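Please walk through this structure step by step.

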Amino acid sequence: MASTGSGLPARAASSSGARKLTRARQNQKEDWPRAALGREPGRGQRLKVNEEIARQLLSQIRRRELRPGDQLPSERQLAGLFGASRGSVREALRVLELSGVIVSHQGGGNFVTDTLPGASTQPLSQFLERQREHLLDVSEARQMFEPRIAFLAAERAMPEDIDALRRALEEQERGLREDDVVAMVNADRQFHQALAEAARNQTFIMLHNYLSDLVAGDRREAIENSSQRRTQSPIDHRAIYDAVAAGDAAAASAAMLQHLKNVESILLDALHRYQGAIAGLPRVSAEPSQPSESADAASLRRPTSLDQASDRS
């Protein structure tokens, strides 16, 4: 069984993290997860749900209620503790991961890092800017040739190609209904792969496979962390499928181009949210901080419902 930096088995550490968060909640006079942390939002403004969750988890880490090596509770447990959606929890965890506060192990959960980040955010800002440039480069390339793939697929698809597209689409829609991220990621890739094969052009298939590998991480991250991406993608794929099945090449090309523009917009919005949320997080000190009667403490006593916050994750 995997172990954490604190030497605890992963399952035990996760339970320990949940107990620590629960105790912190019980120690508050108000409903702890529903109290906004850190700086008070400006008049007429409200922190997004994912930002509130990130700030509250960060506060627990700063007060050493969650210590280096501790495993955080699962997404489902955190969603229950905060009364929020799993999508909001995923975005909050991604913000903390990008900030260097936690580290995610594939299939093993999220852990508080052994070495908390320093005060500088310049390397992170540069990383996010590189991500934006990479995203735009890849998106431009995909918009040049994937609509042509869809066009040719509508002209050349055989019955077995239509069946493969339908199965991938139905699996993606099932994954959305059941919140099965792994199924959605796999089905998303299978749909585009089936479309490339239906175009009956080996060069396009080779180029598609290369770009598909290139965007694999972005695809998974977007589906995991963006509810808009999870809901929009099956809608776009349905439009592409209908056009290909009907043999309407022009409509298939137009539907694919719109899909790729939607993906680009959603990913850029996500990067902007990460930049904004990270910029708003308090600095993390490597030394234990003592609770004080500060704006942070005062804001803990001003409960604000997460249910009423705008969840755009």
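Val49 has a relative accessibility of 3%, and because buried means under 20%, Val49 counts as buried. In this predicted model, Val49 belongs to helix α2, which covers residues 49-62. Gly83 lies 34 residues from Val49 in sequence, and the C-alpha atoms of Val49 and Gly83 are 9.9 Å apart in space.

Helix α4 runs over residues 86-98. From the first C-alpha to the last, the 13 residues of α4 reach 18 Å, close to the 18 Å expected at 1.5 Å a residue. Helix α4 is mostly covered, with 11 of its 13 residues buried. The buried residues of α4 include Val89, Leu93, Val95, Leu96 and Leu98, and also among them are Arg90, Glu91 and Arg94.

The next part concerns helices that pack against each other. Two packed helices are described by the angle between their axes and the distance between the axes. Helix α6 spans residues 159-178, and its axis comes within 8 Å of the axis of α7, crossing at roughly 165°. Angles over 145 degrees count as roughly antiparallel, so α6 and α7 are roughly antiparallel to each other. Their crossing is left-handed. On the α6 side, the contact is made by residues including Ala164, Leu165, Ala168, Leu169 and Leu176, along with Asp161, Glu171 and Arg174. On the α7 side, the contact residues include Ala183, Met184, Ala187, Phe191, Ala194 and Leu195. By class, the contact of α6 with α7 has 12 nonpolar, three polar and four charged residues.

Helix α7, residues 181-198, also packs with helix α8, residues 202-214. The angle between α7 and α8 is about 165°, and their axes are 9 Å apart. This pair is therefore roughly antiparallel as well. The crossing of α7 and α8 is right-handed, whereas that of α6 and α7 is left-handed. Arg189, His192, Gln193, Ala196 and Glu197 in α7 meet Ile205, His208, Asn209, Ser212 and Asp213 in α8. The residues of this contact divide into two nonpolar, five polar and three charged.

One residue of this contact can be followed further. Ser212 sits in helix α8. With a relative accessible area of 3%, Ser212 is buried. Leaving aside residues up to four places away in sequence, Ser212 touches Arg189 and Arg219.

An α-helix has 3.6 residues a turn, so residues three or four places apart point the same way. The buried residues of α10 include Arg229, Arg230, Ser233, Pro234, His237, Ile240, Tyr241 and Val244; Asp236 and Ala243 are also buried. After α10 comes Gly247, whose phi is positive, near 75°.

What does the secondary structure of the chain come to? There are 12 helices and two strands. Along the sequence, the pattern is α-α-α-α-β-β-α-α-α-α-α-α-α-α. Of the 313 residues in the chain, 47% are buried. Among contacts between residues at least 6 apart in sequence, 76% join residues at least 24 apart.

Conventions:
Residues are numbered from 1 along each chain as its sequence is written. This is a predicted model: local features need pLDDT of at least 70, side-chain atom pairs count only at pLDDT 80 or more; totals for chains, interfaces and linings use all residues. Side-chain values use heavy atoms; hydrogens and water are left out. Buried means under 20% relative accessible area, exposed over 50%, partly exposed in between (1.4 Å probe, protein chains only). Helices (H or I, at least four residues) and strands (E, at least two) are DSSP runs, numbered from the N terminus. Axes are lines fitted to C-alpha atoms, for helices over the stretch in contact, and angles run from 0 to 180 degrees between N-to-C directions. Angles under 35 degrees count as roughly parallel, over 145 as roughly antiparallel, 65 to 115 as roughly perpendicular and the rest as oblique. A crossing is left-handed if the near helix is turned anticlockwise from the far one by less than a right angle, and right-handed if clockwise. Contact means heavy atoms within 4.5 Å. Ala, Val, Leu, Ile, Met, Phe, Trp, Tyr, Cys and Pro count as nonpolar, Asp, Glu, Lys and Arg as charged, and the others, Gly among them, as polar. The expected span of a helix is 1.5 Å times one less than its number of residues.
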